[in-house]
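This report goes through one protein model, from its overall fold to single residues. Please keep the sequence and the structure in view while reading.

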Amino acid sequence: MSRKAHREVAASALVPEAALPAWQGLLWSFEQLHHERIPCQAYPPEDWFDKRSHPQRRAVARCGHCPLQAACRDYARAAAEPEGVWGGETAAQRHAYLIRNRKKKK
């Protein structure tokens with residue numbers, strides 16, 4: 001198995017089943033843009049998972065320039081990612097979105 005395929009299988013095993021379509025869309029988009037500078041690949045991982053407000057604002061601003069922002073946000077919402085900045089949203093913003101969405105479905 002190639003390194004890329006192994007990484008995709010390993011990551012998919014950790015993704016909740018309901019989030020798999022969003023995860024696959026994010027992977028596909030990432031592969032298409034491999035030549036572009038994606039912010040989350042240009043900065044250390046801890047920049048995206050710092051819980052203090054100033055680093056979170058900086059990470060959210062970096063996401064604003066990313067061509068994968070929508071795909072990343074869709075995945076994080078579908079997977080209910082509990083931590084980090086994904087697609088320009090903090091964990092608190094995602095949590096609030098998910099609560100609003102659940103109320104609308106009832």
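## Overall fold

The protein has seven helices and zero strands. Read along the sequence, the pattern is therefore α-α-α-α-α-α-α. The model is a predicted one. The protein has 106 residues, and 31% of them count as buried. Among the contacts with a separation of 6 or more, 45% are between residues 24 or more positions apart.

## The nonpolar core and the aromatic pair

The largest nonpolar core consists of 13 residues. Those with the most contacts inside this core are V15, A19, W23, L26, L68, Y75 and W86. Helices α2 (20-32) and α6 each contribute at least two residues to the core. The largest share comes from α6, which provides five residues.

How many aromatic pairs does a search of the whole structure find? The search finds one. A pair of aromatic rings is described by the distance of the centres and the angle of the planes. Here the ring centres of Y75 and W86 are 5.3 Å apart and the planes stand at 55°, so the pair is tilted. For the angle, the cut-off that matters is 60 degrees, because only planes over that value count as edge-to-face. The pair links distant parts of the chain, with Y75 in helix α6 and W86 in the loop between α6 and α7, eleven residues apart. Both Y75 and W86 are buried.

## Salt bridges

The count of salt bridges comes to three.

| Residue | Partner | N to O distance |
|---|---|---|
| D47 | R62 | 3.0 Å |
| R52 | D50 | 2.6 Å |
| E89 | R77 | 2.5 Å |

Take the bridge between D47 and R62. D47 lies in helix α4 (residues 46-49) and R62 in helix α5 (residues 53-63), so this pair ties together parts that are 15 residues apart in sequence. D47 and R62 are both buried.

R52, which forms a salt bridge with D50, has a relative accessibility of 57% and therefore counts as exposed.

The bridge between E89 and R77 joins a loop to a helix. E89 lies in the loop between α6 (69-79) and α7 (91-105), whereas R77 belongs to helix α6, so the pair ties together parts that are twelve residues apart in sequence. E89 is buried, and R77 is buried as well.

## A buried arginine without a salt bridge

R94 is located in helix α7. Which side chain of opposite charge is nearest to R94, and how far away is it? The nearest one is E89, at 5.1 Å.

Not counting residues up to four places away in sequence, R94 touches A76, R77, E81, P82, E83, G84, V85, W86 and E89. That list includes R77 and E89, the two residues that meet in a salt bridge, and W86, a member of the aromatic pair.

## Two more residues in their surroundings

C63 is found in helix α5. Is C63 buried or exposed? With a relative accessibility of 8%, C63 counts as buried. Leaving aside neighbours within four places in sequence, C63 is in contact with W48, Q69, V85, G87 and G88. C63 and W48 are 15 residues apart along the chain, and their C-alpha atoms are separated by 9.9 Å.

R73 has its place in helix α6. At 23% relative accessibility, R73 counts as partly exposed. The reason is the cut-off: buried means under 20%, and exposed means over 50%. Not counting residues up to four places away in sequence, R73 touches W86, G87 and E89. The C-alpha atoms of R73 and L26 are separated by 9.2 Å, while the two residues are 47 residues apart along the chain.

Definitions and conventions:
Residues numbered from 1 in each chain as written. Predicted model: local features only at pLDDT ≥ 70, side-chain atom pairs only at ≥ 80, totals over all residues. Heavy atoms only, no water. Salt bridge = Lys/Arg side-chain N within 4 Å of Asp/Glu carboxyl O. Helix = DSSP H or I, 4+ residues; strand = E, 2+ residues; numbered from the N terminus. Buried < 20%, exposed > 50% of the residue type's maximum accessible area, 1.4 Å probe, protein only. Lys, Arg positive; Asp, Glu negative; His and termini not counted. Contact = heavy atoms within 4.5 Å. Core = buried A, V, L, I, M, F, W, Y, C linked by side-chain atoms within 4.5 Å. Phe/Tyr/Trp six-rings, centres within 6.5 Å; stacked < 30°, edge-to-face > 60°.
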